[in-house]
Structures are given as structure tokens and as C-alpha cells.
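Here are some notes on the model you sent. Please read them beside the sequence and the structure.

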Amino acid sequence: MNRILIAEDEARIGSFIVKGLEPHGFHAEVVRDGASAVEYAESGRFDLLVLDIGLPRLDGFSVLRRLRTDRIEIPVIILTARDAVEDTVAGLSGGADDYMRKPFAIEELIARIRLRLRSEGGAEPTVLRVGELSLDVRTRRATRGDAEVELTAREFLLLETFMRHPDQVLTRQQLLSQVWGFDFDPGSNVVDVYVGYLRTKLGGDDIETIRGVGYRLNPERM
């Protein structure tokens, strides 16, 4: 299991990232300031650092500079709420491997993390199988039996979430947070709409409605 260090001082965003990563096979820990980010990153216990620029004690640029000066080669994805191109350039020039601007969708962060870990020789499993469904998270290819299923990016992430939790009831709120990000509207019916899309494309009743709660992918129906 890959270990991800998250340096983020906003508790809501840190929690959102942890909840988004762990169902996808990552172990995530959060630190809330730059000095702790340096200490944890230099421990050698983590495979990748998600680094917010606006940290207290040491900002993200200073953290990155310290790590690279100390020859710590952990892959770094910087997070910034700033729009200035100069900030992005400064982060990449300072040794960051990638960047994302807030707000962001967890699916994009997961994709970028996987890309960086693969380039570093990470061995995260890339194919999920439940019954006759197969999902390759690297190539973004879904198949049922011998037939390929064409999915949009959001449909793919929703199916991936179900396949990582087969036979488990997932609430609408869990699915909203996981698939649509930390700015989701808890009153939205978008989950129900996309579950309908998946049912149509998969051609079965694999995804059960649990009335008043949410949905479950039932392996016995596959």
C-alpha cells in the first residue's frame, strides 16, 4: 500500500483528501504546518507528498526548497488556491513534480498521484475485478465479460468506487464526496442520475438501491 503525506492546514480539505484516497488503496496522513511536513517527508515513510502552498510556519515553497536541498527526492504535488502563473512556475522550478489548483476533483488528484507513483516504480494494483466486471484504472478501460463498456470520467470513478467496496452499502453523501469533490451539494440528486447511467451501460441490476440509505454493488448478481 502506498503511503501519501498530505500537508494541508485546512482540516476540511485534508479530511476530504484522506477519505478520497483510502478507498483507492492508499494510506494517507495529514500534517498541518510546513515544519511538520519537512519532518515527516524526511522520515522515509512516505511515497508521495501532496503539499499545500499556504502552510503556516513554513510555506510550501520553503518546504519544497528544504526537501530538495536535503536531497529528499519524494514526488511532490503542490496545491494552491492562487491563480498567478508565477506561483505555478515557482513550484515546478523549485522541484515539484506536478500541481493542482483548488478547488479540485478527487478523481484528478488520484490520477496525478498514480501517474507520479508509476514513474517512481510504484506497484499499486491497476486492475479491479468483481464478478464479470473488470476495471483497469491505468488505461481507464472497463469491460463486462468480453465487451468493453464506454464510460465518462465521472461514471468511471463512480464504478471504481463501487468496485473497491463490493457488497458494501455506500451512502449518497459518501459517493458525492468521493466522486464529486469537497464542494458537492448534499441535496443534489446527481448520484441517482449517474447510477442510472451505469445501470444502463452495464446492462444489469448489479447496483442495488438500499432505500433511504444509498447503493450497493452486489457481486452475487454479476
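1. Val 38 sits in helix α2, residues 34–41. Helices are DSSP runs of H or I with at least four residues, strands are runs of E with at least two, and both are numbered from the N terminus. The model is predicted: local features need pLDDT of at least 70 and side-chain atom pairs count only at pLDDT 80 or more, while totals for chains, interfaces and linings use all residues. Residues are numbered from 1 along each chain as its sequence is written, and side-chain values use heavy atoms, with hydrogens and water left out.

2. Is Val 38 buried or exposed? Val 38 is buried, because its relative accessible area is 3% (buried is under 20%, exposed over 50%, partly exposed in between, with a 1.4 Å probe and protein chains only). Beyond its neighbours within four places in sequence, Val 38 is in contact with Leu 58, Val 63, Arg 66 and Leu 67; contact means heavy atoms within 4.5 Å. Ala 7 is 31 residues from Val 38 in sequence, and their C-alpha atoms are 9.4 Å apart.

3. Helix α2 packs with helix α3 (residues 60–69): their axes come within 9 Å and cross at roughly 25°. Axes are lines fitted to C-alpha atoms, for helices over the stretch in contact, and angles run from 0 to 180 degrees between N-to-C directions. The pair α2 and α3 is therefore roughly parallel (under 35 degrees; over 145 is roughly antiparallel, 65 to 115 roughly perpendicular, and the rest oblique). From α2, Gly 34, Ala 37, Val 38 and Ala 41 meet Val 63, Arg 66 and Leu 67 of α3. This contact of α2 with α3 has five nonpolar residues, one polar and one charged. Here Ala, Val, Leu, Ile, Met, Phe, Trp, Tyr, Cys and Pro count as nonpolar, Asp, Glu, Lys and Arg as charged, and the others, Gly among them, as polar.

4. Strand β6 (residues 127–130) has Leu 128 and Val 130 on its covered face, with Val 127 and Arg 129 on the uncovered one. Strand β7 (residues 133–136) pairs with β6 in the antiparallel sense over four bridges; two strands pair if DSSP finds at least two bridges between them. Val 127 has Asp 136 in β7 as its bridge partner. Two residues lie between the strands of this hairpin, where Gly 131 takes a positive phi near 60°.

5. Which strands form the open sheet? Three do, in the order β10-β12-β11, with antiparallel pairing. The edge strands, each pairing on one side only, are β10 (169–171) and β11 (207–210). From one strand to the next the twist averages 30°. Strands β10 and β12 (residues 214–217) are joined by three bridges, and Leu 170 has Tyr 215 in β12 as its bridge partner.

6. Helix α6 (residues 153–163) lies across β10, β11 and β12, at about 70° to β12. Helix α8 (residues 190–202) also packs on the sheet, where α8 touches β11 and β12 and makes about 150° with the direction of β11.

7. Helix α6 also packs with helix α7 (residues 172–180), at an angle of about 130° and with the axes 10 Å apart. The two helices, α6 and α7, are therefore oblique to each other. Arg 154, Leu 157, Leu 158, Thr 161 and Phe 162 of α6 meet Leu 175, Gln 178, Val 179 and Trp 180 of α7. Six residues of the contact of α6 with α7 are nonpolar, two polar and one charged.
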